[in-house]
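Take a look at the sequence and the structure below.

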Amino acid sequence: MYNDSVIWAGINDNNDKICLLPKMANRHGLVAGATGTGKTVTLKVLAESFSDMGVPVFMADVKGDISGLSIPGDDSENMQERIKRFGLADAGFSYKGYPVTLWDIYGEKGVNLRTTISEIGPILLARLMELNDLQSDILSIVFKIADDNNLLLIDTKDLKSMLNYVSTHNSEFEAQYGKMSPNSIAAIVRALVALEVAGGDKFFGEPAINIMDFFTFGDGGKGMINILDSSSLINSPKLYSTFLLYLLSELFERLPEVGDMDKPKMVFFFDEAHLLFKDAPKALLEKIEQVVKLIRSKGVGVYFCTQNPRDIPDGVLAQLGNKIQHGLRAYTPSDQKSVKAAAESYRENPNFDTFDTILNLGTGEAVVSFLDEDGIPMIAEKTYILPPQSNFGTISDSQRDTIIKSSICYSKYYEMVDPDSAYEFLERRGIEEAEALAKEKEEAEAEKQRIKEEKEAEKQREKEEKEAAKAAEKAEREAAKKAEAEKKAEEREKTRIENEKKKAAKSVGNTITGTVGREVGKTVGGKFGKFGKTLGGNLGASLGRGIFATLFSSKK
């Protein structure tokens, strides 16, 4: 309860007020205790006080009862006893609701709360997908490639497209970014699909949350209490813790340095804080510790809520100056050791034994130590925590719907949009590459066809040339044969003519020589009488023909 410019958390056995100074509220804090010891009521009391102080608050609602902050509390006999016991009536206590904005990454029980793949970054995303060191390194390289090529990674399909593109074009990136195993990339894709099944397809998208929308105010300047419904989200512990860490990192990166202030600019409650640190790699733990150390100078107080202080790493626990320790139970030696460690973290109060007190605290009771004006932890006080002014329980569906739709953020984040990002760009590039490949293939086929046709034409030419050569050779042979035949015919004709000439000459010669011989014979034979004349004529003719035949014989 905000009273007299301080946060009144409760009273001790002497009815002294145990108060948190506003200017020390950004020194962070711890609310711890076993289940059922009253941590949720303590968170409500603190949230109400910050809101009354004009400080916006962000907190997760794991069990669904934090939303009761939005409606006034119910009066009862038990409440009247508390009001009387704490003297709340004189302090201005009244039942009232507080300005609340309900958020839900699934968009079912609150205003849609989203972020983008690029904004959450490779480190948190690797943790979210439970990647090993090698896969985490490859994921970081893929983010670097996207940044270097001005590709926006908005949602899971953008990252999936980017991973597949890098895997397909691995050889193009190997020289500049190093070798990336296709098997490792495939494993990252599978983890991304698992994340989509867990709700990542709703968690990542546009419009992404503008962290400055948490810094709004209700009536009378009351700080807005931003409540993230986590009743379903808590079933995905990695998603729950990673998202809250992302929001915390965004606050750290976006807010300017302000130094020490009279009151915080914002208070961030991290419920079920053990989920944040469970199985977290060393690099992430170092980042968390760095953020917790430095974010207070930006006016943000971080309060971790968990069952046991040992859930918080020592480096972070050392930064938590304001502590509220509800009851712990020690059933084993290990539990006793944890309780002893928790007790030893407080300044000893001589009026009670801190160890025994923590073991025996009832519901609504706590060992409390806040920072004084000099930032020094005060001695431990057994404290009875004040009741909240808002409702202890949850709200109805109709009340929830009214709160959601009356929020100024509802219309801004209600509808998811799908801007032109890596998926669309790579789809276009894929189409262009496919078209270029098809064109190249078509040109190759055309070239292949051209070469084939040229070869066929060449073969046809060679065939025709061979056939022409054969035809020419045949014609030449036929011409030669014809010429030979003509020559032979000419020779035969010449021979015939010569023979005929010879025959004619012979006939004429025979006639002439025969006549000449006959006449000579007759002249000679005439000397032997008439018979001698006749015989001499015949013999002379025969002799003349023989001499002529010998002279004109064709044989040389």
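## Thr-115

The side chains of Thr-115 and Glu-119 make a polar contact at 3.1 Å. This is a predicted model. Find Thr-115 in the loop that runs between strand 7 (111–112) and helix 3 (117–128).

Is Thr-115 buried or exposed? Its relative accessibility is 0%, so Thr-115 counts as buried; the cut-off for buried is under 20%. Set aside the neighbours within four places in sequence, and Thr-115 is in contact with Ile-120, Ile-154, Phe-203, Phe-204, Gly-205, Ala-208 and Tyr-246.

## Ser-230

Ser-230 sits in another loop. This loop lies between strand 8 (225–229) and helix 8 (237–254). Ser-230 has 0% relative accessibility, so it counts as buried.

Which backbone oxygen does the side chain of Ser-230 reach? It is that of Leu-228, at 3.1 Å. Residues up to four places away in sequence are not counted in the next list. Ser-230 touches Ala-60, Asp-61, Val-62 and Tyr-240.

## Gly-375

Gly-375 is placed in the loop between strand 12 (365–369) and strand 13 (381–385). The relative accessible area of Gly-375 is 22%, so this residue is partly exposed. Partly exposed covers the range between under 20% (buried) and over 50% (exposed).

Beyond its neighbours within four places in sequence, Gly-375 is in contact with Met-24 and Arg-27. Now look at Ala-273. Gly-375 and Ala-273 are 102 residues apart along the chain, and their C-alpha atoms are separated by 24 Å.

## The whole chain

Now step back. The protein chain has 17 helices and 13 strands. Its radius of gyration is 58 Å, while the globule rule gives 24 Å for 556 residues, so the chain is more spread out than a compact globule. Along the principal axes, the C-alpha atoms fill a box of roughly 215 × 50 × 40 Å.

How much of the protein chain counts as buried? The share is 46% of the 556 residues. Consider the contacts in the protein chain with a separation of 6 or more: 76% of them come from residues 24 or more positions apart.

## Surface and charge

The protein chain exposes about 28,800 Å². Carbon and sulfur atoms supply 51% of that area.

The protein chain carries 74 positive and 86 negative charges.

How values were computed:
Residues are numbered from 1 along each chain as its sequence is written. This is a predicted model: local features need pLDDT of at least 70, side-chain atom pairs count only at pLDDT 80 or more; totals for chains, interfaces and linings use all residues. Side-chain values use heavy atoms; hydrogens and water are left out. Helices (H or I, at least four residues) and strands (E, at least two) are DSSP runs, numbered from the N terminus. The radius of gyration is taken over C-alpha atoms; the globule rule is 2.2 Å times the number of residues to the power 0.38. Buried means under 20% relative accessible area, exposed over 50%, partly exposed in between (1.4 Å probe, protein chains only). Contact means heavy atoms within 4.5 Å. Accessible areas come from the Shrake-Rupley method with a 1.4 Å probe; for residues, only the protein chains shown count as cover. Lys and Arg count as positive and Asp and Glu as negative; His and the chain ends are not counted. The place of a charge is taken as NZ of Lys, CZ of Arg, CG of Asp or CD of Glu. A polar contact is a pair of N or O atoms within 3.5 Å; within protein, one must be able to donate a hydrogen and the other to accept it, and residues adjacent in sequence count only if both atoms are side-chain atoms.
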